[in-house]
Amino acid sequence: MKSNRLWSCLLALAVMLTIVGFSAYAYAAPADTGNEGYTIDEPYEYPIQPGTDEWFAIESHADKVEMLQIPQEVLENMTTRALVESVVNYPYFPDMDAFSTPEQGYRAVRDGFNGLQELEARPDGMACLSEYFEEQQRMPSSDMTYVVRRAIEITLESGQQS
């Protein structure tokens, strides 16, 4: 009799632990982000950064733009989140606010930067950028500058119209 009761308690405990385990896994498992097949989940590190000796050594704007392109193999394998962060970190991303209209600025930066072209082409690109922007807005210690914030707003407005 005691043996049956002990086995019943152990079985009930095993069932409860299994349910809790599956629940914890389901909660912790990443949501379906549409990023299946992408293997790079870190933002691209640009080979030159504004303000460095390397940056100043390259006199031509066109040469800097060319050097800042994300290699195609990397671009094609980045998750959309990593691509968003790479676009936001692009040294010339804030330049889109320096044109006569936001649309002109967006087109100029997009046409010269393969990362923004790829983000625009991805079905979840603008949604992921919007999520990133909202996260940054909620963070009290966000170090996002006004010009980057403005560039994201322009991208979201222009990118959704394309």
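## Rings that pair up

Rings of Phe, Tyr and Trp (its six-membered ring) count as a pair if their centres lie within 6.5 Å; planes under 30 degrees apart are stacked, over 60 edge-to-face, and the rest tilted. In this predicted model, such pairs join Tyr44, Tyr46, Trp55, Tyr90, Tyr92 and Phe113 into a cluster.

The whole structure holds 6 aromatic pairs. One of them, Tyr46 with Tyr90, is tilted, at 6.0 Å centre to centre and 55° between the planes. Tyr46 sits in the loop between α1 (2-28) and α2 (53-57), and Tyr90 in the loop between α5 (80-89) and α6, so the pair ties together parts 44 residues apart in sequence. Helices here are DSSP runs (H or I, at least four residues), numbered from the N terminus. Tyr46 is buried at 7% relative accessibility; buried means under 20% relative accessible area, exposed over 50%, and partly exposed in between (1.4 Å probe, protein chains only). Tyr90 is buried too, at 3%.

Trp55 and Tyr92 make another tilted pair, 5.5 Å centre to centre with 45° between the planes. Both residues are buried.

## One face of a helix

Which residues of helix α6 (residues 102-112) are buried? They are Gly105, Tyr106, Val109 and Arg110. Seen down the axis of α6, the buried residues fall within an arc of 120° and so line one face of the helix; the arc is taken from the directions from the helix axis to the C-beta atoms.

## Reading the model

Residues are numbered from 1 along each chain as its sequence is written, and side-chain values use heavy atoms, leaving out hydrogens and water.

Definitions and conventions: This is a predicted model: local features need pLDDT of at least 70, side-chain atom pairs count only at pLDDT 80 or more; totals for chains, interfaces and linings use all residues. Helices (H or I, at least four residues) and strands (E, at least two) are DSSP runs, numbered from the N terminus.
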